[in-house]
Every structure is written in C-alpha cells, then in structure tokens.
Amino acid sequence: MPRAGTAARPAVTTGKGANIAPSRLEVAGTDARFSTGLAELDRVLGGGVVPGSVSLIGGDPGIGKSTLLLQVAASAAPGRPMLYATGEESLGQVSMRARRLGLESASLSVLAETDLEVILEAAQAAKAALLIVDSIQTAQFAGLGASAGAVTQLKECTAQLVRFAKSTGIAVVIIGHVTKEGAIAGPRVLEHLVDAVLYFESEAGSRFRIVRAVKNRFGAANELAFFVMGEEGLKEVRNPSAIFLARAAEPAPGSIVMVARDSGRPLLIELQALVDRMRFGAPRRVAQGLDANRLAMLLAILSRHAGVSLQEHDVFANVVGGLALAETATDLPLVLALASSLRDRPLPQALVAFGEVGLTGEVRPVAFGEERLREAAKQGFKVAVVPQGNVPRKAIEGLMVRGVSRVAEAIAAAEAS
Ligand code: TYD
Ligand code: MG
C-alpha cells in the first residue's frame, strides 16, 4: 500500500488559470475609511465606513433605523455623493423627515424604488460613496419569482448587493426589520453574507437607543454605541457610562452597582437579585441579562464557600436597563446582591463591585480594573469591593478600594462598608 503523499499526483490541466494573474496584495495605505458623521457609529464600525463593505443594520420597526441612516446619508463624508434608496416611504415622506431633522442634504440623493437593479444602476451612475437600502424586506430582484420579503428574495438581493459593493467599491448599508419570527425570516439569515452586522436595541419606553455590533470584519464585535431619540432625531450620547443608572432614593436590599466593560468601555450598571422562599416543588432560577448557568454556579459557590444556602429559595437576577452582560466581572456583584437580598440588608449606595468568582470560592481579577475604578470614582462612588489583584498600586482619589480574595471575605467587606 503506498504511504500517504507518495502517490504521484496528476498535473492539473483545465487551462482555466492560464490567463489569470493573482493581484499583489497591497497592505500599506489600503484603509480609506470615511466617517458616517456620527462618532459613536464610526466607533462601532471600527473607525468609519470601509469602501466596498456591506453592513446590515437590524432592529424592530419604529426603533429609528430610517432616522439614523438618513442622518448618516446627510452627514457622512461631506462632499461625496450618497444615495438613500427607500422602498418603505415616498419621497414626500423622506423629505418631511429630513426637514424635521434639519438636515443639510447637498450631496444626498433619495430614490423611492424597490427594484434592486434600478437601485444599483442609480448608485453606480451617481458614483455614490455610500448606498443605503431601506429596507431589504422591500427590495426586489425582478429575476426571481418570489415576492419582496421572501427568504429567497432577501438572500438574493443581499448577495447582489455584496457583489455590487465588492466590484464597485461603493459601501452599502442594508436596513432590515427584525420580524416577530426574526430568527427565520429576518436579517439573521443574512448575517453570514455581509461584513458587519449591527443591531439597534432599546428598552421598552426608553428614549435611549443602543447600536450593537454583533459581527464586524473590520473592527471589534460587541462594541456599543449610545443614542438618545429626541425631537430632532438621534443624538449621540458621548459619555454613556451612567445612563442606565437611575436608582431609587433609598438603598434597597438586593441592589448593587457594578462597573461592566463588555461593550468596549466602562459602564455603570445596577444588578438586582431577589431571593424568596420557594413557592412550588422545585426552586426557580431566573436570570435576565445574565447567564442562568453562571447564576446556578454562583449559588453553589455561595452555599459551599460562604455558608449562604439558597436551596430552599426561588432566585431572580436582573440587569437593570435591559442590557445583556456576558463578562465574568458580574460574578462578585451578583454574589453580593444575592447575600444582601437573602439577609434583607441593603448595601450602601456609594458602593460598587466587580470581579470573577471561581469554583473554589476565590475571587479573581478581571481586565481593565483600574479603568473601571476610575469611572466609578468619576461617577461619585466612594467604596469599591474588588478582587485583590485589581487593587491599583496608586490610590484613586475619593474612592476607597477594598481588595478581597475570597467570597465570604467579600460579603463581609461589603456589609461593613
Ligand atoms: P424610524 O426611523 O422610522 O424607525 P424604523 O425605520 O426603525 O422603523 O423611527 C420612527 C420613530 O422615531 C417614530 O416613532 C418617531 C420617532 N422619531 C422621533 O422621535 N424624532 C424624530 O426626529 C424622528 C424623525 C422620529
Ligand atoms: Mg424605517
């Protein structure tokens, strides 16, 4: 039997490659990004729009997608032509909105059109730097029998837009509504086709809007941008670290503020825990904005290493403001909130915490400790209970930092604060 690799391979003779020379890869000076006109959005995109890139921006109907992208179309890369193609609204409606937003639209062209080929031709004729398609659900490629919004149309139109962007260098932003059955027929089926995927989120009833990058070929994923929806459209929130922090006047058991940082910068966020005597046969463990498995693990650690047993209790944990946190720095504050709720003893309102907790009951340091502490001090917090390894060498003015290395020690330190 011949050994692998020893068999003679036949020469490839299709002839297809004969006249094709691969391009030399230009590495220096290829990043010709341009600004969207909104610094927050630029940051989420990794520093602006990459020519020839395709971004998908999804969100619930009415959240502000058209508003945001019309603002971008009017303020991005001044002097360079932009094309905003809408299949959702008439020209009259778009111009009313633009007037309301007070937009200067010298280089902005609007096209009310659903036929994708017409849109592409117009973008090419206009030599647009950026083409905005509002929305992918209304776009239609005539060559397909399916009606607009059908999955085959969504995919084909997106694939055409990608091909168009790559061959012309025109950047494309695709708007997509997240439908109720979003997972199947919404923008999610398009995520793998495009370079960047942004989601527009908001807490019900809130004026704040968050744009989250869930995928980005040209930047970091999980970056967040914050906006507030006002009379004149969306305004950036430049210093969002405390926008979720609207706390009750009186300290309440089970509530604690943590400094999160899984969005690319420090954010002060309130975590809440509620433990209550079990009502039914099996204890409930409910986590909103937190990982439920992580919560179960922390409950076991509390029981084994801090003498806090919640086996007979229903446990609820929540991130206030509707954010979802995926970093381990939520462990320590969550443990403190659970103990506080169980003992019905409030923690001081000037207290913040962050840190990871391990299975042996040890408290482990997390990244960006000093940055988190500085932000807490800036927002007026006085005491921080943090992993020993995150205690800064130089004191931070106005903030007493208590380093802890065990869970039980952390609970005692928080209660004594
Ligand atoms: P829109 O951009 O049309 O949402 P989408 O394209 O995601 O469906 O946003 C519509 C909502 O925004 C609507 O409820 C009105 C509100 N809005 C303002 O509050 N201020 C404004 O300046 C504008 C233009 C809209
Ligand atoms: Mg819209």
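Ala, Val, Leu, Ile, Met, Phe, Trp, Tyr, Cys and Pro count here as nonpolar, Asp, Glu, Lys and Arg as charged, and the others, Gly among them, as polar. With these classes, the shell around ligand 1 divides into 4 nonpolar, 7 polar and 6 charged residues. The model is predicted.

**Ligand 1**

Ligand 1 is surrounded by 17 residues, of which G62, S66, T67, G230 and G233 are the closest. Three elements each supply at least two residues of this shell: helix 2 (65–75), helix 3 (91–101) and strand 8 (224–230).

| Residue | Protein atom | Distance to an oxygen atom of ligand 1 |
|---|---|---|
| G64 | polar backbone atom | 3.0 Å |
| T67 | polar side-chain atom | 2.6 Å |
| R97 | N or O atom in the side chain | 3.1 Å |

On its own, ligand 1 has 560 Å² of accessible area, and the protein covers 74% of it.

**Helix 8 and helix 10**

Helix 8 (residues 331–343) packs with helix 10 (residues 407–415) at an angle of about 65°, and their axes are 10 Å apart. The crossing is right-handed. On the side of helix 8, the contact is made by L332, V335, L336, A339 and R343. Helix 10 contributes V407, A410, I411, A414 and E415. Sorted by class, this contact has 8 nonpolar and 2 charged residues, with no polar ones.

Most residues other than glycine have a negative phi, and most peptide bonds are trans. Two places in the model depart from this pattern.

The peptide bond from D134 to S135 is cis, its omega being near 0°. S135 belongs to the loop between strand 4 (130–134) and helix 5 (151–168).

A77 is located in the loop that runs between helix 2 and strand 2 (82–86).

Definitions and conventions. Residues are numbered from 1 along each chain as its sequence is written. Chains are lettered from A and ligands numbered from 1 in the order in which they are written. This is a predicted model: local features need pLDDT of at least 70, side-chain atom pairs count only at pLDDT 80 or more; totals for chains, interfaces and linings use all residues. Side-chain values use heavy atoms; hydrogens and water are left out. A residue is near a molecule or strand if one of its heavy atoms lies within 4 Å of it. A polar contact is a pair of N or O atoms within 3.5 Å; within protein, one must be able to donate a hydrogen and the other to accept it, and residues adjacent in sequence count only if both atoms are side-chain atoms. Accessible areas come from the Shrake-Rupley method with a 1.4 Å probe; for residues, only the protein chains shown count as cover. Helices (H or I, at least four residues) and strands (E, at least two) are DSSP runs, numbered from the N terminus. Axes are lines fitted to C-alpha atoms, for helices over the stretch in contact, and angles run from 0 to 180 degrees between N-to-C directions. A crossing is left-handed if the near helix is turned anticlockwise from the far one by less than a right angle, and right-handed if clockwise. Contact means heavy atoms within 4.5 Å.
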